[in-house]
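Please keep the sequence and the model open while reading.

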Amino acid sequence: MLNGKKVLYSGMQATGNLTLGNYLGALKNWVNLCDEYECFYGVVDMHSITVRQDPTVLRQRARNLLMIYIAAGIDPEKNCIYYQSHVSGHAELAWILNCFTYMGELNRMTQFKDKAAKHADNINAGLFTYPVLMAADILLYQADVVPVGIDQMQHLELTRDVAQRFNGVYGDVFTVPEAYIGKVGAKIMSLQDPSKKMSKSDENPNASIYLMDDPDTIMRKCRRAVTDSEGQIQYREEQPGIRNLIDIYSACTGKTPQEVVGEFDGQGYGDFKTAVGEAVIGVLRPLQERYAELAKDKGYIDGIIKANAEKAGYAAAKTLRKVQRKVGFPDRIR
């Protein structure tokens, strides 16, 4: 508990460009969580360097992501939006937790296997111990809840195991986090391969709608979206392309899939794709306009970065000092 509220932690990597799927599936639903939770949202740039990054590009993308958080409606006065690399406690706690995590547990992480296959020329130790840093991210703030997708549930389970193991040795040190069960964000699939999620790392530029795509680009991508030859707008597993477009339209308009099917009954795919494009453009326009304003206000963003680094650092230090004392590190002379 912090300030009388349970603590929620989440974050996104400062790599690639965020997609419509990231927004509708996560960011959009983070906006009002601060009413119920004390929220920490990290720009997790330390995780980003498990894959080689251009330093200049990484710095800019980290700043862009922080501005997108704010442009999406996450109030930096009510939520702690910060750079992971600005709080040294993440790395310090990760080292301690490494000593309470077993090799066998890390060997079972499916994401390591997937990423190692994609980056066979750079299978580094950081890629292997990535879940331990993620555990440190969460436990450092004594998070009660963590919004996670299915692909991250294995990491949250590891976090819980490590927290319980540490607590079993040293007493009640860490809050054991639960998965956040709240409003489920829309699961948006690739426009070119609706069997997989829309991804910021997809090599096909037409597969994903990026948050900063201009209206013409959004409309072009929607019109090129893969559908089928059935010619009917139905919400069925057998029509994954149309089902995905219905999900997108539904998430952008607030209508149920059944209402969407009724609205476009008897219409062709071309008209429907145009309507989807218009709905997406309408949803992203306010975010893009706010982002453009923030990009011009360097002083404001710098102030947010400084203030929230201090806020995150203060919360992290309380946990870290307790952990360091528990494991036997000497007290610091202040």
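Beyond its neighbours within four places in sequence, Phe 272 is in contact (heavy atoms within 4.5 Å) with Ile 233, Ile 242, Leu 245, Ile 246, Tyr 249, Val 260 and Phe 264. The model is a predicted one, in which local features need pLDDT of at least 70 and side-chain atom pairs count only at pLDDT 80 or more, whereas totals for chains, interfaces and linings use all residues. Residues are numbered from 1 along each chain as its sequence is written, and side-chain values use heavy atoms, with hydrogens and water left out.

Phe 272 also belongs, with Leu 27 and Tyr 69, to the residues that have the most contacts inside the largest nonpolar core, a set of 67 residues. Such a core joins buried Ala, Val, Leu, Ile, Met, Phe, Trp, Tyr and Cys residues through side-chain atoms within 4.5 Å, where buried means under 20% relative accessible area, with a 1.4 Å probe and protein chains only. Helix H12 gives the most to this core, with twelve residues. A second, separate core has 41 residues, including Phe 40, Val 87, Phe 128 and Met 134.

## Helices H10 and H12

Helix H10 (residues 240-253) and helix H12 (residues 269-296) have axes that come within 9 Å and cross at roughly 35°; helices here are DSSP runs of H or I with at least four residues, numbered from the N terminus. The axes are lines fitted to C-alpha atoms over the stretch in contact, and angles run from 0 to 180 degrees between N-to-C directions. The crossing of H10 past H12 is left-handed, that is, the near helix is turned anticlockwise from the far one by less than a right angle.

On the H10 side the contact includes Ile 242, Leu 245 and Tyr 249, and on the H12 side it includes Phe 272, Val 276 and Val 280. By class, this contact has 13 nonpolar, one polar and one charged residues, with Ala, Val, Leu, Ile, Met, Phe, Trp, Tyr, Cys and Pro counted as nonpolar, Asp, Glu, Lys and Arg as charged, and the others as polar.

## Cysteines

A search of the whole structure finds zero disulfides, a disulfide being a pair of cysteine sulfur atoms within 2.5 Å. For Cys 39, the nearest cysteine sulfur is that of Cys 34, 6.0 Å away, and Cys 39 is buried with a relative accessible area of 1%.

Note on methods:
Helix = DSSP H or I, 4+ residues; strand = E, 2+ residues; numbered from the N terminus. Buried < 20%, exposed > 50% of the residue type's maximum accessible area, 1.4 Å probe, protein only.
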